[in-house]
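Morning, everyone. Please look at the model on the screen.

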Amino acid sequence: MKARTRQRLSFWLLFSLPLAWTVLFLILPYLSMGMMSFWTRKFPLFVPDFQFGNYIQLFSDPQYSAVIFRTMKIAALVTAYSVALGYPLAYFLVFTIRSEKLRTLLYMCVVVPLWVSYLLRAYTWKIILGTDGALNSALLWLGIIDQPLDIFLYNQAAMVITLTYIFIPFMVMPIFTALERIPSNLIEASQDLGAGPFETFLRVILPLSTAGIVAGATMTFCLSFGDFVAPVLVGGPSGTMVATVLQSQFGAALNWPLGSALAAIIFALVLVVLQVSSKIDRAGRVSMG
Amino acid sequence: MHKLMWWQKSLVGVAIGTLLFLYIPVAILILFSFNDSPVTSFPLSGFTLDWYRKVFANAALLQSLVNSLIVALSATALTIVIGVPAALALDRFEFIGKRLFTNTILLPLSLPGIVTGIAMLNFYKQIGLPQSLGAVIIGHATALVGIVITQVLARMEKLNRNLAEASSDLGATQVETFFHVIFPNIRSAIIGSALLCFTLSFDEIPVTYFLTGRDITLPMYIYSTLRRGITPEINAIGALIVLVSLALILSSVTMLREKK
Amino acid sequence: GELNILTWEGYADPSFIEKFEKASSCKTTSTYVGSNDDFAPKLAAGGGVYDIIVPSIDTIGLMRQAGFVEPIDTKKIEGFSDVYPEFTKANDVVAEGETWSVPLVWGSISLMYRADKVAPKPDSIGVLFDKKYAGKIAMWDDKSSIYWAARLLGFENVYDLTDEQLETVKAKLIEQKPLIRKYWATAGELTELYANQEVWLSNTWTGLQSKEVNALKKGFEVVEFTPKEKAEGWMDSMQLVKGSANTDCAYKFFSFMLSAEGQCGIVGSSGYFPVNPKVVSGCLKGEEAEAKKVNNIEFVKSLVMWQMPARLDKYLEVWNAVKAAP
Amino acid sequence: MALQPIVTLENVAKAYGTFTALHNINLEIGAGEFVTLLGPSGCGKTTTLRLIGGFETADSGRITLAGADVTQQPPYRRDINTVFQDYALFPHMTVAENVAYGLTVRANRKPPEERARRVREALSLVGLADKADRMPQQLSGGQRQRIAMARALAREPKVLLLDEPLSALDVKLREAMQVELKHLHQKLGITFLMVTHDQQEALVLSNRIAVMKGGHIAQIGSPSELYDRPATPYVADFIGAANLVPATFLGSEGGFARIRLPDGAMLSGVAVGSGEKLREGQAALIAIRPERLRIGESRHGLPLTATVVDQLFHGGRFQLELRFDQVETPVFIDVHRSSVADDGAVPQPGSRVPLSVAAPDVMVYAAEAAA
Amino acid sequence: MALQPIVTLENVAKAYGTFTALHNINLEIGAGEFVTLLGPSGCGKTTTLRLIGGFETADSGRITLAGADVTQQPPYRRDINTVFQDYALFPHMTVAENVAYGLTVRANRKPPEERARRVREALSLVGLADKADRMPQQLSGGQRQRIAMARALAREPKVLLLDEPLSALDVKLREAMQVELKHLHQKLGITFLMVTHDQQEALVLSNRIAVMKGGHIAQIGSPSELYDRPATPYVADFIGAANLVPATFLGSEGGFARIRLPDGAMLSGVAVGSGEKLREGQAALIAIRPERLRIGESRHGLPLTATVVDQLFHGGRFQLELRFDQVETPVFIDVHRSSVADDGAVPQPGSRVPLSVAAPDVMVYAAEAAA
Ligand SMILES: Nc1ncnc2c1ncn2[C@@H]1O[C@H](COP(=O)(O)OP(=O)(O)OP(=O)(O)O)[C@@H](O)[C@H]1O
Ligand SMILES: Nc1ncnc2c1ncn2[C@@H]1O[C@H](COP(=O)(O)OP(=O)(O)OP(=O)(O)O)[C@@H](O)[C@H]1O
Ligand SMILES: NCCCCNCCCN
Ligand SMILES: [Mg+2]
Ligand SMILES: [Mg+2]
């Protein structure tokens with residue numbers, strides 16, 4: 001057998017199953033979703049068609065753009081808070097904890113909550129933020145308030161808190177990795193050249209950890225953008241997110257074509273986010289040599 | 001590196017606060033699993049183990065747990081069967097569309113699960129794959145295979161390329177090389193990513209939501225229970241999940257970080 | 001044989017289902033919905049999964065139009081003829097000359113409030129729109145909110161509102177949004193909202209939720225009442241899914257659920273009213289029978305019985321728009 | 001070549017994408033020889049070795065091993081073994097398992113006793129019999145290198161390929177291992193084909209050296225052939241230190257040439273290094289080995305004059321950096337301390353010194369041949 | 001030392017956990033000197049440099065810089081700059097930004113024009129003015145090295161610390177950069193303190209070399225002091241090549257000693273290398289530089305006889321591996337080709353050769369001092 005033939009054969013032996021599987025169970029589903037977004041709703045179900053009505057409806061009815069923007073706002077807030085809390089934590093683990101063992105242990109402590117049921121993590125916040133919840137109980141006990149407040153739960157703030165809580169570990173992990181990868185001699189070089197610790201942080205450490213921030217932020221943004229658990233559990237009447245609408249198009253509203261079109265828009269949005277972040281990331285990675 | 005400056009102190013403060021923030025809810029979950037009131041609100045009313053007893057007496061919950069185990073185990077097995085050869089092929093061969101393939105297979109990991117779930121629901125229905133645990137297994141395996149591929153690929157890249165060549169240099173065929181040389185060196189990456197897939201599949205909601213039929217998984221059970229109003233049984237099962245995940249995470253994190 | 005049922009929680013309680021399984025040797029598996037809107041998507045996603053569904057009377061027509069269900073041979077069902085004819089002959093139960101569903105239970109939807117917080121005693125739907133109770137009101141997350149607002153606004157045929165009327169209803173509901181703490185999705189959720197002091201006022205499935213809230217003894221009582229703008233009535237019935245491979249078991253199940261064991265069982269576990277008054281004498285007596293409106297067909301007539309809205313998708317769109325509004 | 005050829009490459013070419021890594025290589029290696037491929041980074045040394053090992057397939061041309069065409073054969077069908085640059089020891093196997101590996105594969109499974117014997121022999125050969133149960137990570141760099149040798153040798157291959165086998169070791173260890181490698185080759189009598197970019201290593205170890213440049217073989221020959229008669233300034237510079245000075249070719253008589261240096265000095269009777277014909281008046285380049293340049297005048301040598309730029313102390317010798325008038329590139333010569341009574345005798349920077357060189361020790365090349 | 005001391009270490013000690021990396025080091029470096037710390041891996045070179053740079057804090061002792069005690073000062077308060085071993089260029093900044101960095105920090109912010117001027121000057125100093133806008137990744141190893149130099153020099157520090165500045169470069173480039181480094185030091189006149197484990201580099205570049213061993217300074221002095229009068233066999237072996245042969249000390253007269261070699265040869269008048277007193281009959285070690293051993297008999301030299309074991313071709317020279325009778329360790333000498341009429345004159349392996357060495361070129365040490 002010729003060397004080239006042998007190569008081809010082993011390639012196909014390895015790759016045909018993954019390729020076929022991916023095409024059948026992933027790529028075709030995405031494509032068929034795209035196709036269905038051009039179908040027509042026809043009571044009580046829907047029929048194949050090719051028209052842009054669904055997209056026109058999504059772009060013209062302010063109810064949808066309002067929800068998309070609200071969802072983006074919430075996802076952006078969640079991302080911002082996760083960075084604000086996750087970065088110091090990662091920094092603390094990498095630069096303040098001197099013992100390798102303790103660092104690994106604490107790192108695992110950050111990761112562990114990720115593995116507790118997603119639903120339960122969201123739902124606990126209902127217990128904490130409720131009128132009868134832990135937060136109100138604590139404030140009452142401390143004498144800060146004398147009537148339980150109902151401002152904590154069933155609103156967008158509750159969703160932001162819950163999602164931030166859920167996604168902090170996703171943020172800490174890549175930032176931790178990025179910080180850990182910064183060679184210590186770059187920090188020393190900066191000090192050697194006269195920069196104090198704060199200046200070193202701003203000018204060397206922070207820029208060199210952007211790749212980690214971008215990776216964590218992308219993940220957090222995309223996943224919280226698509227979340228439908230928080231609105232159900234802790235969101236209030238004003239907490240409808242894109243995923244809730246999507247869910248209802250495939251559920252109550254029984255308008256799969258419209259839902260598919262909305263999903264296609266989310267798909268495109270996520271691709272844009274991924275593209276942008278990989279641009280930033282690539283710039284960052286090049287700079288890490 | 002000598003004394004901490006004000007800004008470093010506040011960083012440390014935020015960091016410790018965040019660590020606590022991560023654990024308060026977990027603590028509350030565990031606390032309420034021992035509280036003897038069906039309503040999860042303060043003040044606590046008394047200690048009980050009833051909720052744990054109820055967990056073990058609740059046939060529907062236990063059935064959903066079994067279903068989840070079946071789903072997670074089967075999906076994980078599939079991700080290995082598909083992911084490992086894919087990673088080997090991606091590592092060894094250059095071909096057209098390689099980047100496209102890698103990006104596509106990773107898509108479900110960043111795309112909101114609900115979109116993937118909808119797409120699958122839609123298409124699986126058209127190819128006559130009814131909503132069922134089987135569909136959920138296929139959906140999970142497809143959505144998660146990217147994890148196995150990336151982890152194994154990363155390990156393969158770190159693995160000295162010469163090892164495979166050395167093996168064939170010493171007379172081993174490709175199959176022998178895989179089993180004697182490649183596999184032992186990527187085993188921990190496979191196990192680590194398998195554990196990760198298992199846990200993610202076990203906890204998966206959006207894809208399952210659309211693909212599950214009358215047999216439901218534990219998260220679906222919890223989801224519908226939560227929608228119907230909470231019962232502290234859920235706190236008990238949550239506390240148990242914390243315990244089990246702790247064991248799983250510890251082993252998988254060690255596996256994945258094991259080799260530099 | 002086996003039987004897969006898509007139904008409401010409490011409608012397949014082991015207390016009576018086990019008896020059915022033993023008697024029929026049909027093994028049942030039940031899956032629960034939270035809303036009538038859950039039936040169509042489950043069936044639209046492909047057949048072969050469920051044998052029996054239990055939608056409410058406003059939804060059975062949709063099931064038939066969508067082709068999800070088969071007509072029923074009522075002759076094969078014991079006790080079918082004893083069921084209130086107001087139900088067995090109702091619109092959509094009978095259509096195109098065939099019977100499409102087997103009535104199971106019925107009830108009404110009333111208003112509920114916390115006696116210690118809401119004063120004076122309300123008598124109108126208007127209380128759900130009262131700013132005094134801002135942040136303490138819950139509404140069912142269902143298109144039926146439209147009916148409530150429409151009745152408050154005095155519109156006549158709440159199931160066939162004009163576009164103009166729908167716009168008014170939508171505005172009214174959006175105006176109500178800031179007062180709402182939460183749109184409740186399930187009976188249990190509402191119970192919990194009361195128990196956790198989150199809400200004081202809501203609409204409710206008569207019989208079930210007040211019983212559950214008061215049973216918790218949280219130090220307050222909730223009270224149900226029928227508002228002066230009238231209450232809605234509903235009736236849940238069983239339908240046979242098209243292509244079911246288990247029709248034998250399905251018919252056995254229909255018969256069982258109309259028998260004394262089935263009717264007493266479901267009334268006991270859900271708190272709603274039986275559709276077959278003849279068989280419940282063993283379990284419902286005197287005051288209890290009265291509370292469950294046994295043989296009180298006048299009550300049925302006093303209700304605004306649910307129907308499928310003439311323009312269901314328009315109603316759904318309005319309700320979704322209300323929820324999506326800021 | 002008198003020896004029976006064991007490996008031959010005939011017109012072998014290899015491209016990666018659009019980049020041609022090897023252009024029609026021809027090479028014949030005799031049984032028992034120690035041949036080294038030497039050249040700068042990227043010149044195609046590793047590619048040549050990988051083609052012979054079977055890890056890459058030639059785009060065209062033919063490779064034979066002991067007379068049989070192996071061009072299309074996979075590595076596991078070639079009676080050749082390789083010592084990889086970074087050793088490629090299997091990290092999950094003990095030293096003994098590593099060495100035994102090639103004797104346990106299906107195509108070449110040996111009975112346990114024979115396997116054990118050959119592992120023992122191979123390990124004693126490299127002096128590491130006591131490390132059989134260690135894991136590779138527990139060994140030092142030099143020990144790993146030797147295990148890699150043992151693993152390849154346990155297969156008793158006809159040809160051993162070595163890709164920069166010593167480059168990962170530090171200077172002292174590298175020098176010690178060079179000696180070992182040489183002794184091993186002498187003891188075993190099998191063919192060694194080694195890649196290196198260390199000319200010292202190539203000179204010390206090889207029977208023949210192939211100097212490569214940009215995918216070609218620039219010159220092949222014994223160490224002293226290459227050192228004493230480099231075919232191009234490139235080879236002269238690559239093998240050993242060479243002082244390269246521009247000059248003008250004035251003409252030749254009887255195989256010897258006359259040239260003029262930029263400072264006007266005329267040298268005649270110098271050796272013509274390059275194969276190509278030089279034309280009169282053409283720009284040329286002369287190469288002189290540092291040890292051939294002597295300080296002081298000499299009756300037999302050609303007289304030159306240079307200025308001392310710097311004096312570098314190397315312990316056993318001084319290195320003088322000199323400059324000819326009108327010439328940019330520096331010229332280096334060594335002054336051995338055993339030959340200077342007292343360090344004061346070493347010319348100081350700034351001083352002008354007379355130099356002499358024997359005419360045949362000056363080699364002249366066409367200037368284009370440089371680069 | 002005549003020079004004004006710019007850096008002093010007084011009884012400086014440093015331990016990592018239970019491991020003492022430096023034991024009471026004393027060191028004084030004069031302004032403008034080029035001092036090298038030389039020693040094997042792990043001997044504490046980098047630690048010494050890091051203590052001076054301020055990246056580690058001494059456990060005890062005192063470090064001064066230009067007379068001021070800086071023992072407890074952080075790096076950014078020391079008027080010292082460092083060229084790191086792997087350069088530590090900021091990967092997210094251009095070359096110009098890297099070089100300007102030390103001039104933009106708050107403590108030392110220069111006006112833009114001055115900054116631009118100094119960046120330009122520093123870059124021209126290292127010959128890379130045209131690379132200002134490149135990113136570090138776009139440069140070769142040698143270029144990066146020079147940027148690291150420029151970045152440190154732009155600060156105009158009193159002292160420049162260099163931790164193995166050339167070790168990441170390949171041989172040819174390293175040699176070229178050594179020359180550049182030397183010229184730079186001469187041109188700038190600031191103090192250089194360099195760490196290396198390459199003795200050749202240390203010899204060529206330094207005014208003084210401190211040879212370290214296990215956290216101590218074994219000897220400090222000028223290159224020729226160390227080479228010609230090593231205080232211990234350790235230093236003799238570390239600096240340059242030394243042939244170390246066991247011997248027996250027989251006695252001394254007038255500062256010169258008599259010894260007996262294992263083969264029975266008696267040598268008298270040899271130099272006593274070590275400071276400590278040798279007792280009669282004590283086991284000793286003699287050290288002879290390869291270039292001091294000559295083939296052939298000589299009237300003035302001590303006569304020795306050895307057997308040729310191997311002959312290694314190095315281009316410009318042959319290296320002969322010899323063995324004295326009854327001695328295990330080999331002895332190496334170089335035979336330069338300019339001094340052999342024809343390569344045939346190089347003694348062949350197996351032959352016995354007479355050697356001679358001048359008595360003062362043999363140094364004798366107590367045997368314990370070795371290891
Ligand atoms: N797999 C490959 N794909 C593309 N180009 C390659 C590949 N392998 C080698 N090359 C290119 O082919 C040329 C020759 O490579 P080769 O590895 O043979 O060089 P080398 O002489 O061994 O160099 P070095 O001393 O750096 O190891 C180089 O320019 C290299 O970049
Ligand atoms: N941070 C540290 N923690 C523990 N031990 C250390 C640390 N840094 C250095 N050492 C130890 O101190 C000793 C001296 O280290 P140092 O880095 O100064 O050696 P060196 O002479 O520079 O060696 P090399 O040539 O390998 O760079 C070594 O044994 C090293 O293992
Ligand atoms: N469709 C009207 C409401 C029916 C509610 N049934 C729910 C039963 C919960 N136990
Ligand atoms: Mg190579
Ligand atoms: Mg060091």
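Predicted model: local features only at pLDDT ≥ 70, side-chain atom pairs only at ≥ 80, totals over all residues.

Now the polar contacts. A polar side-chain atom of Ser56(C) sits 2.7 Å from a nitrogen of ligand 3. For the side chain of Asn36(C), the distance from an N or O atom to a ligand nitrogen is 3.2 Å. For Tyr11(C), it is 3.5 Å. Alone, ligand 3 exposes 330 Å², and the protein buries 94% of that.

On to the cysteines. How many disulfides are there over all chains? Two.

Take Cys26(C) and Cys249(C). Their sulfurs are 1.9 Å apart. The S-S torsion is about -85°, so this disulfide is left-handed. Cys26(C) is in the loop between helix H1 and strand S2 of chain C, Cys249(C) in helix H9, 223 residues apart. Both cysteines are buried.

Next, Cys264(C) and Cys283(C). The sulfur atoms are again paired, at 1.9 Å. The torsion is about -80°, so this one is left-handed. Cys264(C) lies in helix H10 and Cys283(C) in the loop between strand S13 and helix H11, so the bond ties together parts 19 residues apart in sequence. Cys283(C) is partly exposed, at 30% relative accessible area.

Last, Cys222(A) is in no disulfide. The nearest cysteine sulfur, from Cys197(B), is 19 Å away. Cys222(A) is buried, at 1% relative accessibility.

Technical notes:
Residues numbered from 1 in each chain as written. Chains lettered and ligands numbered in written order. Heavy atoms only, no water. Polar contact = N/O pair within 3.5 Å; in protein donor to acceptor, adjacent residues only side chain to side chain. Areas by Shrake-Rupley, 256 points an atom, 1.4 Å probe, with all protein chains shown as cover. Disulfide = S-S within 2.5 Å. Helix = DSSP H or I, 4+ residues; strand = E, 2+ residues; numbered from the N terminus. Buried < 20%, exposed > 50% of the residue type's maximum accessible area, 1.4 Å probe, protein only.
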